[in-house]
Amino acid sequence: MADLPPGIPPLTAADGSEYAHSECLFCITLPAKNEAAHITEALRALHLQVDPHGSRVDPTTYEVLLLANNCSDDTAEVARAYAAAHPDFRLQVLEVTIPAEVASVGVARRLLGDLAVARLPEYGIICTTDADSTVDRHWLYYTRCAFDRGASAVGGRIIVRQRERRRYRKTHLQDVTYRMLQVLLESLIDPCTNDPWPRHFQHYGPSIAVRKDAYLACGGMPAVSCIEDIHLMWALERIDVPVVHDPKIKVYTSDRESDRIEGVAFSRTLDEWGKMAEDGRRPVVWGLQHCIMLFKWKVALRRAYLERRIGNSPALFELADYLNMPYGELEHRIATAESAGGLYQDIRRILEHTHEFSDAPFEEVIRDLRRFTRSVHLRPRPSFSRRPSGTARPAPPLDGESPVEVD
């Protein structure tokens, strides 16, 4: 896990306190660079959290740590003005200038994560969101519900507001539809009691929550230049911490073009999709059969990890043949793996670098996934099935993002 670059001191709370309020359960971390125009909206959403009945979420149960990093505008002043006008809102506004050669959102998130860990009790929860995003008004309530049910990590549903750019829209909706159907397929092949269907597929910076013990066990937020949120999820997977994807936990984020983040960012993905649309190119993704193979291999790898051997698993012999990997090498990987999640992650990365595994355009795969999952859903099942309740239901409508019809 990537630690902070040398010479960057840890943060201290703006009010000089060492620990959060005794009733505080959540530290919500919010990095911001030149966000004076958007920060009030983000703070208001965090401030006015309610339960489904409209009752206010107890403001003593959470605090917001805002880091205005490398700003050349009035982000910090605007945030402090909001805090002064709303004394019931526990907001710590911090400022820092990170050397340009190492500045990144990963460094900012790591600084905030370290401060949150120091301030929270052992059962506390570190949350992340973004300054150009607004959390749903029930965001904190449903996040807490997930942890009350036993979650160690939670990813929220991220809905993109279409405001500034349009050319990416069709490809983005196809990507969301494809991934939701892929998750439905996975729930049919490998149902998970910790993260049952209906669920979504997202666990990114605008909405992540991790229990303090799990955050520390995986090494915390890595101070990398890009996709630090994905690196955190990979680290959790490698210690077998499941992530819950409750569709009731929602956040709305911007589609704006941005130069605020160094490296690969969602904004750049939208740019690439837009260019592909203009050039008449179509993204190619994993086809139905490859998705089925992947999830079957995932189940077989987990079982083999527990038994520490391949045994007589046809799926793993098929996997070894597909990868041109000697059976002995695959068995060695299984026997020496430190976790089931780490084993699956390593194999999945090999497959992701196998060009042939991505073999079909979105339209074709969405059509095939819909037909297959519908056929499984309609297939009669015995009443004594042990499948967790709800895992065979068809994909729900996407709140704020209607799937693209392709058939």
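Modeller: What follows starts with the charged pairs and then moves to the packing and backbone around them.

This is a predicted model. The chain has 407 residues, and 54% of them count as buried. Its secondary structure comprises 13 helices and eleven strands. The accessible surface is about 18,900 Å², with 50% of that area belonging to carbon and sulfur atoms. Take contacts between residues at least 6 apart in sequence: 82% of these join residues at least 24 apart.

Now the salt bridges. Side chains of opposite charge can pair when their charged atoms come close. The count here is 21 salt bridges.

Start with Glu 41 and Arg 161. Their side chains form a salt bridge, at 3.9 Å from N to O. The cut-off is 4 Å, so this pair counts. The two residues lie 120 positions apart and link distant parts of the chain. Glu 41 belongs to helix H1 (residues 39-47), while Arg 161 belongs to strand S7 (residues 157-161). Buried would require under 20%.

Next, Arg 56 and Asp 88. Their salt bridge has an N to O distance of 2.9 Å. Arg 56 is partly exposed at 38% relative accessibility. Asp 88 is partly exposed too, with 34%.

Arg 211 is partly exposed, at 27%. Asp 213 is partly exposed, at 39%.

Some charged residues go beyond simple pairs. Glu 186, Asp 190, Asp 195, Arg 199, Lys 298 and Arg 302 are linked in a network of salt bridges. Trp 197 and Pro 198 are joined by a cis peptide bond, with omega about 5°. Pro 198 lies in the loop between helix H5 (169-189) and strand S8 (208-211).

Helix H7 (residues 228-238) meets helix H12 (residues 340-352) at about 130°, and their axes are 7 Å apart. H7 and H12 are therefore oblique to each other. H7 contributes Trp 234, Glu 237 and Arg 238 to the contact. From H12 come Gly 341, Gly 342, Tyr 344, Gln 345, Asp 346, Arg 348 and Arg 349. What is the make-up of the contact of H7 with H12? Five of its residues are charged, three are polar and two are nonpolar.

Helix H4 (residues 139-148) is largely enclosed by the rest of the structure, because seven of its ten residues are buried. The buried ones are Trp 139, Leu 140, Tyr 142, Thr 143, Cys 145, Ala 146 and Phe 147. After H4 comes Gly 150, with a positive phi near 110°.

Two loop residues are buried as well. Thr 129 lies between strand S4 (125-128) and strand S5 (133-135). Its relative accessible area is 2%, so Thr 129 is buried. Leaving aside residues up to four places away in sequence, Thr 129 touches Ile 28, Thr 29, Leu 30, Pro 31, Leu 46, Arg 109, Val 135, Gly 205, Pro 206 and Val 251. Arg 109 comes up again with Pro 222. The C-alpha atoms of Pro 222 and Arg 109 are 8.2 Å apart, although 113 residues separate them along the chain. Pro 222 lies in the loop between helix H6 (212-218) and H7. Pro 222 is buried, at 1% relative accessible area.

Ile 227 is found between H6 and H7. Phi of Ile 227 is positive, near 40°, in a residue other than glycine. Ile 227 is partly exposed, at 30%. Arg 308 also has a positive phi, near 65°. Arg 308 lies in the loop between helix H9 (288-307) and helix H10 (314-323). Arg 308 is partly exposed, at 34%.

Technical notes:
Residues numbered from 1 in each chain as written. Predicted model: local features only at pLDDT ≥ 70, side-chain atom pairs only at ≥ 80, totals over all residues. Heavy atoms only, no water. Helix = DSSP H or I, 4+ residues; strand = E, 2+ residues; numbered from the N terminus. Buried < 20%, exposed > 50% of the residue type's maximum accessible area, 1.4 Å probe, protein only. Axes fitted to C-alpha atoms, helices over the stretch in contact; angles between N-to-C directions. Parallel < 35°, antiparallel > 145°, perpendicular 65-115°, else oblique. Contact = heavy atoms within 4.5 Å. Nonpolar A, V, L, I, M, F, W, Y, C, P; charged D, E, K, R; others polar. Areas by Shrake-Rupley, 256 points an atom, 1.4 Å probe, with all protein chains shown as cover.
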